[in-house]
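Here is a short briefing to read alongside the model. Please keep the structure open as you go through the points.

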Amino acid sequence: MYNCAYKSQHCLTVMASAAVRAQVAAKWQESFNRLNRNEPGISGLLAFSEAWTLAIEFLKPRDLSDPAPQKQYDLNKVRAAFGIVGECRRLPVMMEVFLEDMRKSQHLITREVEAYMTLYESNSDPEAIRSLVYRLVEWYSAWKPTADLGPTMISAYTLAFQTHIFSVLPPSFARGIKALVSATLQRTVSQSQDPQDRLLWQAFDTLSLIDRYETLIASIGYEFIESYVEETCARKWSEPMLSTLRAWMIDKIVPWMLYPFARGATNADEAKTMMQGVGSRFDFHMHKTLCNLRTKEIFDIIVDFPESAGALQDLKECLARVDQRADLVQALRQANNKRLLHPGADTKDILTHYVSTIKCLRIVDPPGVLLFKVADPTRRYLRDRPDTIRCIVASLVGDGESGDSLVDENDPIQPLQQPEMENYSDPEWNPEPIDAGPDFRASKSSDVISTIVSIYDTKDLFVKELQVLLAQRLLAVKDGNFDRERRNVEILKIRFGEAALQVCEVMLRDMTDSRRIDQHVQSQKVSSMHPTIISRHFWPALESSDMVMPGQFQILQEQYAQEFSIFKPDKVLRWLPHLGRVHLQLELEDRTLEADVPPLEAAFIELFSEKDVWTVDELVLRSGSVNRNAAVKALATWVDMHVLKEDSEGVFRLLSVAEGPTPGSRPQAPKPAEAGELPPVMSVQQQQAEQMKMYWKQNGVKFIEGMLTNLGSLPLDRIQSMLKFAPGYDRTVEQLGNFMEAARREGLVNAKDGMWRLGK
C-alpha cells in the first residue's frame, strides 16, 4: 500500500520537472533568438556582447580630475552599439547598470563640492560658488548620456545627478547663491551687466538650481524692493510715489526677472505669459512694502496734512491691493495713545489732530470704517476732558487763539448733520463694508464740525458754551462794535438752527439796548458812569460778589439807577460792582496819576481819601467782605504804582508825597489782571455745579448728604437712581460725577473703587 503511494508521488514530480524544463527552455530560446537576432549560429550573440561592452564602457562615468588622456570613441560605432542593445530590448538593464556605475563614482563630485565649499567658507567670496556651479555643470555634461538613448534615460540620469548634489551641498551654499544672485540684480539695475550673468543663469537652469532656490531668488528681489522703497519714499508725502515705483519696477526689476522666471521664452508675449504669476507677486510686495511704510508714518502724515495728500492717495491704492486695514487701525491707535491721548497734550492740539484724522481717513477710506475704528478712543478721551467743548466752541466763533484751524474757511457752512435711518429704496444705496463692526453706521456727512459735535450725545452743551463765550466776548467789547459777534451768531444759526440761538440774539439785542439806554440817561443827566445793562434771565450766570462800592462810586450808582427807573419804570437795576473797569485820575500833593483799574482797586483807593492808613481787614470790611487774597492783590497794584506803601504786615499808608525806594523794601507784588482778559462769566461746568448744590442739602432737606449718611458708601449709579425721585432733578450721571468730584476736592466726600462716602 505504501509502495503504491510513493510511486504515484514520484510520477507527479517527474511530470512537473519536465514541464518546468520545457518552459525554461522556451524562455531561453526566446531570449537567445532576441539577442542573436536570428543570425546564423551565435554570430548575433557575439555582436550583442561586443555592443554591450562598448556601450557600458562609453557610458561609464569618468573622473574629470584624472590627468590621463581620455579614450576616444567612434561615435558611429557607439550609436550602432546603442542600436543593437535597444533592438535586443536591453536598454532598461543598461540604464540600471549605468546608474549603478554613476552612484559608485559620486564620491568624485562630493570631493570637489567639499573643496569648493571649504574655500568659500574661508573667504566668503561668492566667486568660489560661481566656480563650483560651473564645475558641476561640467560633471553633468561629461556624464550625461547621449540623446540617442531617449528622454527617459536622460531624465533618470538628471534626477539621480541632482539628487546627489542637493544632498551634499551644505547650508552655506544657499548663502553663496544669494550673494551671486544679488550681484546680478545690482548689475542689472545699474545697467552694467556682465556677459557672465547669462552663462551663470544658464548653469543654474542646467542644475535646476532656479527651481530649487526659487523662494530664495524671489526674496532677493523682495529685499531690493524694500530697500529702494524705504530709501526713496520715506517721509516724502507731497506727491504720490506709486507711479514712480511702477516705472522703476518695469525699467529695473523686470529685466532681471527675465533670467530666472522667463527662461526659455522666445518672444515678449511668451515671456509676459511666463512672468504673469511671479510679476503679480512682485507687484504685490511693492504695494505691501509701501503700505507698511505709510502705516508706520501715518501719525506724522496726519500731522502734516494737507501737504501729505500724495501719501494718502498711495495708501488708499495700497490698501485696495494688500488689504492691511487692520494693521493701519492698530498702528494709528497705538500712535495716538502714545503721542496724543495723555495729560501732557493740549486739548486744542488733540482736536486739531482729530480733525486732520477725519480729513485724511476720508481720503483713504470714503465709507468711514477706518475712521470709526480709529476715532473711538480719541472721541472718548475728548469727551472726558472738561475743556473740549470750550475749544470746539472757540473755533466755531473764530477765536484766533483757541483753535480756529478746526474750521476751514473754504468749506461751506452746513447745518449739523443728524444720524439718518438707512433708506434701502435709494438706488445709490450700498451695503456696509465687510470689515465694518456691528456698531458702525455710515456717515454721509462731509462736514467736520458735525463729526466733532457728535462726540457728545446732545448739542445743548455746545449751545450753552456758546452763550458763555459770547457773553464774555460781548462784555469785553469797549468800542461798541459788535459786528464780528453778530456775524458769528448768524453763522451759528446755520449750524445749530434759529431756535437754539434765540438766547444769543437776546444777548446781542441787550448790548444794543444798553448803549441806547445809556445815551438816554446821559442826555437827561450827564454821568461818568456807563454801565452795561443785560437781561438776567437770558445771560449766563456771572460770578457773584458781596462787594460794595464806597463814596462817590455809590453816589454815582444811585443817581444812575434813579434816572434809569424814570426811563424804565418796570425794570430794576441790580448792580454787579465787582465787574467792569474804572478809569481814575488821582490828584496827590506832588503829582497827578491816571489809572485804568478793576472796581476793587478803585474802591480801596477811594477809601484812602477818608484817611491815610488802613489795614487789610478794615478795607475788606468796608468793601463788603471781599476775599482777602483779592484784597491783597488789589492793594499790591497801588503799591507797584507807588501810591500806597506797606508800613507793616497788613498795614498800608497813602503816599501823598512820593518816596524813593529804600534798602530792604518789599519786592513788587504780582501785577493785576490786564484789561484784555475776558469778564468772569461762569462756565457751563461752574453753572452746573452751582445748580447741583441744591441737591446736596436744601431748606433743611438732605438729599445726597442724607443718602451717604444713612446708607454709607454708594456707587454713582445708585446715587443717580435715587436722586431721580427728587423734585425737578434732570441731571445726567456725567453731571452728577462732575459735582461729586468738586465735592471731593472740597473735602465733603471721599471716593474709593467707585464708591462714594462722606468725608471725615
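The accessible surface of the chain comes to about 42600 Å², and carbon and sulfur atoms hold 53% of that area. Do keep in mind that this is a predicted model. Of the chain's 760 residues, 42% count as buried.

**Overall make-up**
- You will find 31 helices and ten strands in the chain.
- Among contacts in the chain with a separation of 6 or more, 69% are between residues 24 or more positions apart.

**A nonpolar patch on the surface**
- Ile250, Val254 and Leu258 make up a nonpolar surface patch, and together they have about 240 Å² of accessible area.
- For one of these, Leu258, the place to look is helix 11, which spans residues 242-261.
- Leu258 has a relative accessible area of 36%, so it counts as partly exposed.

- Strand 1 covers residues 582-587, and strand 2 covers residues 592-597.
- The two strands run antiparallel and are joined by six bridges.
- Four residues lie between strand 1 and strand 2 in this hairpin.
- Looking across the pair, you can see Leu584 opposite Ala595 of strand 2.
- Strand 1 has two faces: Val582, Leu584 and Leu586 are on the covered one, while His583, Gln585 and Glu587 are on the uncovered one.
- Leu584 therefore belongs to the covered face of strand 1, where covered residues are judged by relative accessible area.

Technical notes:
Residues are numbered from 1 along each chain as its sequence is written. This is a predicted model: local features need pLDDT of at least 70, side-chain atom pairs count only at pLDDT 80 or more; totals for chains, interfaces and linings use all residues. Side-chain values use heavy atoms; hydrogens and water are left out. Buried means under 20% relative accessible area, exposed over 50%, partly exposed in between (1.4 Å probe, protein chains only). Two strands pair if DSSP finds at least two bridges between them. Contact means heavy atoms within 4.5 Å. Accessible areas come from the Shrake-Rupley method with a 1.4 Å probe; for residues, only the protein chains shown count as cover. Patches are made of residues with over 30% relative accessible area and no salt bridge: like charges are joined within 9 Å, nonpolar side chains (Val, Leu, Ile, Met, Phe, Trp, Tyr) within 5 Å. A salt bridge is a side-chain nitrogen of Lys or Arg within 4 Å of a carboxyl oxygen of Asp or Glu.
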